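Please open the structure in a viewer and keep the selection panel at hand.

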2 protein chains.
Amino acid sequence: MHSLKNDRYLRALLRQPVDVTPVWMMRQAGRYLPEYKATRAQAGDFMSLCKNAELACEVTLQPLRRYDLDAAILFSDILTIPDAMGLGLYFEQGEGPKFSNPITCMADIQNLPAPDPEQELQYVMNAVRTIRKNLQGEVPLIGFSGSPWTLATYMIEGGSSKAFTKIKKMAFSEPQALHLLLDKLADSVILYLNAQIAAGAQSVMVFDTWGGVLSPRDYQDFSLQYMHKIVDGLTRENEGRKIPVTLFTKNAGMWLESIAATGCDGVGLDWTIDIDNAKARVGDKVALQGNMDPSMLYASPERIEQEVKHILAGFGEGPGHVFNLGHGIHLDVPPENAKVFVDAVHKYSAQYHKG
Amino acid sequence: MHSLKNDRYLRALLRQPVDVTPVWMMRQAGRYLPEYKATRAQAGDFMSLCKNAELACEVTLQPLRRYDLDAAILFSDILTIPDAMGLGLYFEQGEGPKFSNPITCMADIQNLPAPDPEQELQYVMNAVRTIRKNLQGEVPLIGFSGSPWTLATYMIEGGSSKAFTKIKKMAFSEPQALHLLLDKLADSVILYLNAQIAAGAQSVMVFDTWGGVLSPRDYQDFSLQYMHKIVDGLTRENEGRKIPVTLFTKNAGMWLESIAATGCDGVGLDWTIDIDNAKARVGDKVALQGNMDPSMLYASPERIEQEVKHILAGFGEGPGHVFNLGHGIHLDVPPENAKVFVDAVHKYSAQYHKG
């Protein structure tokens, strides 16, 4: 393996000193880039792109050629585990992900297999190995999974949802069935992320896109409890380096203390919380990742720089900040605006790392 | 006018003593009720129902015949003002509201007329007068409007939105245009709500469904500032009684202090915040409305009662609580479950009002 040339991202997550604030973008490989669209067209549909290690590697590396990013993130989907469990993931034109065989009852849950990461999900591990090799130690590679609650929403609703009617019906009327599903998912996520780490992922992230639609108690009970189990079950060191773990729940600004208490290294922030508030509350325990509104990339270069400066000033001095967008980059953002963003983070953050 | 027989709702919003906690449900008149569907079929489309004072009155009163509710709320739409401004509101089957003539530029905004509530919006005032008369003083009537930010999202996006791309583009690249729109909308909302009060509304509520998609500073700047202007501009007394004003922003649990500081009487809570936390932070300034997850109405009677008891215990002793769902009732809720909910609030809250 190549030694790592730029380890800012890993150091910042472990709250170690860095020269400038590291930055990457959620969904940095994606449809806003013309070269991504070209590779995607070559692959055919989205899942064929995910399942082709060479092409998944190619799109993972594309944003690194354009921007001075401090991390690469595996190109894949959050719903690979339910697909490997036999739910039949597919995508309809212009719509979100769907499952042909959604979960409808306890028997469905009892019958769910635990996918072997090096069998049913081997295409993901092959992508990790290929990307890691091709990165040649330039920046670390982030592996990821959806959270058990977030995976369960798609598995039970059969796709995207607005009101989460079916899963909430189960949560409030058959909680033991939902808990069994979430526990099975947590076990599968642990296997999956540990396999990504073994294959070369140098940090992992759990995306809980939909935990924020729950009440505080239900969030603890149905989402955070299972992310905590995952944190406890992960390989935390490999190749002589720590493997930082980041948890991200959208719309969870009120619950940062309990997220930080899981023992994770980093907590993702969306843009609905001031980062100085977040730092004051949990900055002595965890690193913070975030938190610019992705829509700010529609603005002028001056306005983007102003926002970057504001967030950097909010975090202030010292390590423990990974700059990022508060959610995925929008597909109609001009690619040159992403460059303004990434460069501004490096340019204006040096002053906070002199100590 | 009839004297008011049940004024719990008004008293609770003014933090005065009550015998039991008052309760009503957002969207209590609506598609979960078979009698609503029958009246709607009689009216034709949704806006024809809103524009027919007798039928709008009928659906407003329907839930009061089934449940022991402590308030009626005007049956209308939040988008009546933009429609009266000439944007052409329409509804497509199975989709949200749409506008034929969305706002695209500064000139569109400069040309927007200020609707006269007793002209272009007279159908709303006629509904208020008819409902008030037919209520015969049983319970107070709540008037309402969308917030300027929330109205602007529909006016600029042309309908419902997930990422709010167009309005955020305007917010970040042409803020002066958006501010002009929001200021015009605030002026129109003031005229509209004061006309509802003059026509007989005994309390008013501003629904800011989409303020929670903003960063904390952008929320202050683009949403709360204009709700504050509305609070300042409203008639606060009529017929010898105070007219309580409630502000509700979904996903705003972190910003309660600044909402309470507008001088409103009540603050609406969704279900993502514990009511004891909210009370500790702003309960000495404002009443709180909320905050049960509407999806809890899918559960068993026992589970619904358990949740009601939990929220009542969270608020604890004393007035200043209006029980409600944290958002609108879902259209597929069994009507009998709503009865369990309403009755449980009255039954289990008496113990907190003995002082």
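How are α14(B) and α15(B) oriented to each other? This is a predicted model, in which local features need pLDDT of at least 70, side-chain atom pairs count only at pLDDT 80 or more, and totals for chains, interfaces and linings use all residues. Residues are numbered from 1 along each chain as its sequence is written, while chains are lettered from A and ligands numbered from 1 in the order in which they are written.

**First stop: two helices of chain B**

Select residues 301–315 of chain B, helix α14, together with residues 335–349 of chain B, helix α15. Helices (H or I, at least four residues) and strands (E, at least two) are DSSP runs, numbered from the N terminus. The two axes come within 9 Å and cross at roughly 40°; axes are lines fitted to C-alpha atoms, for helices over the stretch in contact, and angles run from 0 to 180 degrees between N-to-C directions. α14(B) and α15(B) are therefore oblique to each other (angles under 35 degrees count as roughly parallel, over 145 as roughly antiparallel, 65 to 115 as roughly perpendicular and the rest as oblique).

Next, display the side chains of the contact, where two residues are in contact if their C-beta atoms, placed from the backbone, lie within 7 Å. On α14(B) the contact residues include B:I304, B:V308 and B:L312, and on α15(B) they include B:F341, B:A344 and B:Y348. The residues of this contact of α14(B) with α15(B) comprise nine nonpolar, two polar and two charged (Ala, Val, Leu, Ile, Met, Phe, Trp, Tyr, Cys and Pro count as nonpolar, Asp, Glu, Lys and Arg as charged, and the others, Gly among them, as polar).

**Second stop: another helix pair**

Select helix α4 (residues 53–66) and helix α7 (residues 122–135) of chain B, whose axes come within 8 Å and cross at roughly 50°. α4(B) and α7(B) are therefore oblique to each other. Among the residues that meet here are B:C57 and B:L61 in α4(B) and B:Y123 and B:I131 in α7(B). By class, the contact of α4(B) with α7(B) has seven nonpolar, four polar and one charged residues.

Colour the strands of chain B to follow an open sheet of seven strands, ordered β1-β4-β5-β8-β9-β10-β11 with parallel pairing; two strands pair if DSSP finds at least two bridges between them. β1 (72–73) and β11 (321–325) of chain B stand at the edges with a single partner strand each, so one side of each is left without a neighbour in the sheet. Within the sheet, β8 (residues 245–249) and β9 (residues 266–268) of chain B run parallel and are joined by three bridges. B:L247 has B:V267 in β9(B) as its bridge partner.

Chain A has 15 helices and eleven strands. Its C-alpha trace spans about 60 × 45 × 40 Å along the principal axes. Select β10 (residues 287–292) of chain A and β11(A), which pair in the parallel sense over five bridges. Here A:L288 has A:H321 as its bridge partner in β11(A).

**Last stop: between the chains**

Show both chains: 24 residues of chain B are in contact with 24 residues of chain A. On the side of chain B that touches chain A, the largest share, five residues, comes from helix α9 (residues 165–173) of chain B. That side of chain B has nine nonpolar, ten polar and five charged residues.
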